Amino acid sequence: MQKITNSIKILFFSEFLIVLLYLYNKDIFANVQVAFLSSFFIILGSSFAYKRMVNSQVDSQHYEDKRDLLDEIEDPHELYDDNENEEINNAPAEELDLKAIVKEEKAKIKTFSIKSIKHGARGSVSLFRLVPYIFLILGFIALKNNELLHLAYYLPSLLGGIVVGSVISKEIIS
């Protein structure tokens, strides 16, 4: 409960500062508000979508056995994996069944399948992520069409939303 209270305080303080800009200039306020909220919602939505995807993977007990990043860089095709290739490397050439070895290696090659595409698209096509991006695009278009867009205020405000969104998502999600 303390984390949520701190998150609400951070959000209200940020919004209070943005509302103060309304007293200064309405055009600046519109740019800062649209940019801040769109980047804030994108970060928050992406965090929630990622958490939901991870939780569903944990609940379904579907884990991918991954090697560390250094191993993947040094040996992307697992050619020098000591555990699996010991019997092949130590066997005499006459005893090796090359056709069986080729079939095994072909089976190891990862290809695109409906399952892998569905797995990758599950996190990226979440409503938690799509709605904030639609808000970003429509807000930008609305500012541009009404001749209110000032990139000098809009672009730095995106950074403010990213920072506040990441701080709040870390507090809420953890």
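A residue counts as buried here when its relative accessible area is under 20%, as exposed when that value is over 50%, and as partly exposed in between, using a 1.4 Å probe and protein chains only. The model is a predicted one, so local features need pLDDT of at least 70 and side-chain atom pairs count only at pLDDT 80 or more, while totals for chains, interfaces and linings use all residues. Residues are numbered from 1 along each chain as its sequence is written, and side-chain values use heavy atoms, with hydrogens and water left out.

The protein chain has 8 helices and 0 strands; helices (H or I, at least four residues) and strands (E, at least two) are DSSP runs, numbered from the N terminus. Buried residues make up 23% of the 174 residues in the chain. Contacts are heavy atoms within 4.5 Å, and of those with a separation of 6 or more, 73% link residues 24 or more positions apart.

Now for helix 7, residues 127-145. Its 19 residues should span 27 Å at 1.5 Å a residue, and the end C-alpha atoms sit 26 Å apart, which agrees; the expected span is 1.5 Å times one less than the number of residues. P132, G139 and L143 are the buried residues of helix 7. They end up on the same side of the helix because they cover an arc of only 25° around the axis, the arc being that of the directions from the helix axis to the C-beta atoms. Helix 2 (26-59) and helix 8 (151-173) are among what covers them. The face turned away from that buried side carries exposed L127, L138, K144 and N145. After helix 7 comes E147, with a positive phi near 55°.
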